[in-house]
Amino acid sequence: MATEILTGEFKRSCTKKNGKTLFIYWIKGSYALLRDYKASRGDYLTVDPDGKNDIPLFPTYYYCGKVIRLKKSMKGNYFAFDENLEAPFKIKEICIFVKNYFYDEATNY
């Protein structure tokens, strides 16, 4: 049985007051999947303020490409993943953070 997956399309980016860029994706999928996504986001759910439709948005600090795919974790959260690497972007985000945190320019380690 194939797992149903939500898709997202890059809509825009904006810079927050803290200087970080936030990338916004429109989420598309079946009615049941969108309802589940909205329920999982709870108070953190954001919808498209420009449109008349109730399109949910997926905000992230990392650009994941023009089109993304979202999967649901065992804990009920949705995450963007890369099919080619079969690794969620959350794992990549952690690796990038650790690399940048421990990287020393003087020694290249």
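**Figure 1. Running from the N terminus, the elements of this predicted model go β-β-α-β-β-β-β-α.** That makes two helices and six strands. Of the 109 residues in the protein, 27% are buried. The protein exposes about 8300 Å², and carbon and sulfur atoms supply 55% of that. As for how the chain folds back on itself, take the contacts between residues at least 6 apart in sequence: 45% of them join residues at least 24 apart.

**Figure 2. A close-up of the largest nonpolar core, which has 13 residues.** The residues with the most contacts inside this core are Leu6, Ile27, Tyr37, Phe58, Ile68 and Leu70. Which elements give two or more residues to the core? They are strand 2, helix 1 (31-41), strand 4 and strand 5 (78-82). As a bit of background, nonpolar side chains in soluble globular proteins tend to be buried together.

Figure 3. Leave out residues up to four places away in sequence, and isoleucine 27 touches Leu6, Thr7, Gly8, Leu34, Tyr37, Ile55, Pro56, Leu57, Phe58 and Leu70.

**Figure 4. Ring pairs link Phe10, Phe23, Tyr25 and Tyr63 into a cluster.** The count for the structure comes to five aromatic pairs. One of them joins phenylalanine 10 and tyrosine 25: the ring centres are 5.6 Å apart and the planes sit at 70°, so this pair is edge-to-face, the cut-off being over 60 degrees. The pair links distant parts of the chain, with phenylalanine 10 in strand 1 (residues 6-15) and tyrosine 25 in strand 2 (residues 21-28), 15 residues apart.

Figure 5. Tyrosine 63 lies in the loop between strand 3 (57-60) and strand 4 (67-72), while phenylalanine 10 is in strand 1, so the pair ties together parts that are 53 residues apart in sequence. Tyrosine 63 has a relative accessible area of 42%, which makes it partly exposed.

**Figure 6. Lysine 20 lies over the face of tyrosine 61.** The distance to the ring centre is 5.3 Å.

**Figure 7. A look at two cysteines, in a structure that holds zero disulfides.** Cysteine 14 counts as partly exposed, with 33% relative accessibility. Cysteine 64, on the other hand, is buried, with a relative accessible area of 12%, which falls under the 20% cut-off.

**Figure 8. Leucine 45 has its place in the loop between helix 1 and strand 3.** What does leucine 45 contact, leaving aside neighbours within four places in sequence? The answer is Tyr37, Lys38 and Pro56. Leucine 45 and proline 56 are 11 residues apart in sequence, and their C-alpha atoms are 7.1 Å apart in space. At a relative accessible area of 27%, leucine 45 is partly exposed.

Key: Residues numbered from 1 in each chain as written. Predicted model: local features only at pLDDT ≥ 70, side-chain atom pairs only at ≥ 80, totals over all residues. Heavy atoms only, no water. Phe/Tyr/Trp six-rings, centres within 6.5 Å; stacked < 30°, edge-to-face > 60°. Helix = DSSP H or I, 4+ residues; strand = E, 2+ residues; numbered from the N terminus. Buried < 20%, exposed > 50% of the residue type's maximum accessible area, 1.4 Å probe, protein only. Lys NZ or Arg CZ within 6 Å of the ring centre and 35° of its normal. Disulfide = S-S within 2.5 Å. Core = buried A, V, L, I, M, F, W, Y, C linked by side-chain atoms within 4.5 Å. Contact = heavy atoms within 4.5 Å. Areas by Shrake-Rupley, 256 points an atom, 1.4 Å probe, with all protein chains shown as cover.
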